[in-house]
Amino acid sequence: MSAFRTLDDVNVENKRVLVRVDLNVPMENGAVGDATRIERVIPTILELARARAKVILLAHFGRPKGVDPKESLKPVAAKLAEIAKRPVAFAEDCIGEVAAQAVAALQPGDILCLENTRFHPGEEKNDPEFVKALAANGDIWVNDAFSAAHRAHASTEGLGHLLPAYAGRTMQAEIEALSRALEQPKRPVVAVVGGAKVSTKLELLGNLVSKVDALIIGGGMANTFLHAQGVGVGKSLAERDLADTARAILAKAEKVNCAIILPVDAVVAYHFAADAPNHAYGLDSIPHDGMILDAGPQSVERIKGAIDEAETLVWNGPLGAFELHPFDHGTVAAAKHVAARTKAGKLLSVAGGGDTVAALNHAKVAEQFSYVSTAGGAFLEWLEGKPLPGVEILRA
């Protein structure tokens, strides 16, 4: 982390510290449905509070068009207080007199959550006047929201131009994990990329083939590549119009000596439904009216073999329709194999993306990976090799 400023580089005592956190959590009937993101930022918040900082939380919630009580952070702040086991004050605005008065009332060690930054259009526009209004309430800015770091918004990037800027512990852990996985990795490096569509991951695939030693392609994406190689994939989900693109990616991989691992067999059903009758077929005999819904048993063994040879593994996207039993088998088997290798100290494993996190939770192995990122878009853009504005602003 020597390239970035962290909390180790600053004395926060009696300072007003604006902390950008990710509190954009799912809500169910007015209550927080999944508190994972809140739990991730608690260590940074408590470390600052214990160091006698005045901790002022900035966050967005949902996609409001102006002030909308349904998108208020108030219930989220209450949940945060419950998890932190500390009082958390709340201000009904993030700028102006309301915010200023709430900040002025803080004592060292106190925690305050300001209202949704996206209630103001200046947030997403990174409007200089809005940035100034936010900065007026702080002496230091700490960014602990990697999941929003791909956006150059006022609270995720703009503040770094006006206040001394530092990475929080969650941001630090994310940068360290991702750097170990692709910037200075132990080789061989294997990437697992799955999911439904090639079209959403073209830049990702293009970047990865030049960085990893082997690329395992699964899910609906694999069908597009198989189709491009002349394999009949029946009624399977496949972007047949991207055959030329798939062939270009395969050619690039061959040129840079990246092994592409595609399925050699597949589990096929005739209906997209849980427990639909199914059968494993070799690629030369996929029924013309069948749908590939999971990697076949031989493919799973081949994937396990590639994992056995890896020192570092990056995972984004499931290998099949993991939401439906028994078409979760390929994803679960591969995930458990990664977890076992990681636990044995033989593999550094980093995973991220919404479907990926859900799949690893389904396999009950998320806790056993070296690092699982809860950042969706930011994790994907990092894998694509793009600089993230909210990270770049923290460089020393």
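Which residues are buried in helix α12 (residues 354-362)? In this predicted model, where local features need pLDDT of at least 70, side-chain atom pairs count only at pLDDT 80 or more, and totals for chains, interfaces and linings use all residues, the answer is Thr 356, Val 357, Ala 359 and Leu 360. Residues are numbered from 1 along each chain as its sequence is written, and side-chain values use heavy atoms, with hydrogens and water left out. Buried means under 20% relative accessible area, exposed over 50%, and partly exposed in between, with a 1.4 Å probe and protein chains only. Helices (H or I, at least four residues) and strands (E, at least two) are DSSP runs, numbered from the N terminus.

The buried residues of α12 line one face of the helix, because they fall within an arc of 165 degrees when seen down its axis; the arc is that of the directions from the helix axis to the C-beta atoms. These buried residues pack against β15 (312-316), α11 (329-343), β16 (348-352) and β17 (371-373), where contact means heavy atoms within 4.5 Å. After α12 comes Lys 364, which has a positive phi, near 60 degrees.

Strand β15, one of the elements that α12 packs against, is mostly covered, with 5 of its 5 residues buried. On one side of β15 are Thr 312, Val 314 and Asn 316, on the other Leu 313 and Trp 315, and both faces are covered. The strand pairs with β16 in the parallel sense over 4 bridges; two strands pair if DSSP finds at least two bridges between them. Within this pairing, Val 314 has Val 350 of β16 as its bridge partner. Strand β9 (residues 189-193) also runs parallel to β15, and 5 bridges join the two. Here Val 193 stands opposite Asn 316 of β15.

One runs from Arg 187 to Pro 188, with omega near 5 degrees, and Pro 188 lies in the loop between α6 (169-183) and β9. The other runs from His 325 to Pro 326, again with omega near 5 degrees, and Pro 326 is placed in the loop between β15 and α11. Glu 97 belongs to helix α3 (residues 96-104) and is exposed, with a relative accessible area of 56%.

A helix pair comes next. Two packed helices are described by the angle between their axes and the distance between the axes. The axes of α8 (residues 219-228) and α9 (residues 243-255) come within 8 Å and cross at roughly 90 degrees. Axes are lines fitted to C-alpha atoms, for helices over the stretch in contact, and angles run from 0 to 180 degrees between N-to-C directions. The two helices α8 and α9 are therefore roughly perpendicular to each other, since angles under 35 degrees count as roughly parallel, over 145 as roughly antiparallel, 65 to 115 as roughly perpendicular and the rest as oblique. Helix α8 contributes Thr 224, Phe 225, His 227 and Ala 228 to the contact, and α9 contributes Ala 243, Ala 246, Arg 247, Ile 249 and Leu 250. These residues divide into 6 nonpolar, 2 polar and 1 charged; Ala, Val, Leu, Ile, Met, Phe, Trp, Tyr, Cys and Pro count as nonpolar, Asp, Glu, Lys and Arg as charged, and the others, Gly among them, as polar. Thr 224 of α8 is buried, with a relative accessible area of 0%. Leaving aside neighbours within four places in sequence, Thr 224 is in contact with Val 198, Ala 238, Glu 239, Leu 242 and Ala 246.

An open sheet is formed by 3 strands in the order β13-β12-β14, with antiparallel pairing. Its edge strands, β13 (278-282) and β14 (291-295), each pair on one side only. Neighbouring strands of the sheet are turned by 40 degrees against each other on average, direction ignored. Strand β12 (residues 265-269) is joined to β14 by 4 bridges, and Ala 266 has Ala 295 of β14 as its bridge partner.

Finally, two residues concern backbone phi. Asn 14, not a glycine, has a positive phi of about 65 degrees and is partly exposed at 47% relative accessible area. Arg 52 also has a positive phi of about 65 degrees, and its place is in the loop between α1 (36-50) and β4 (54-58).
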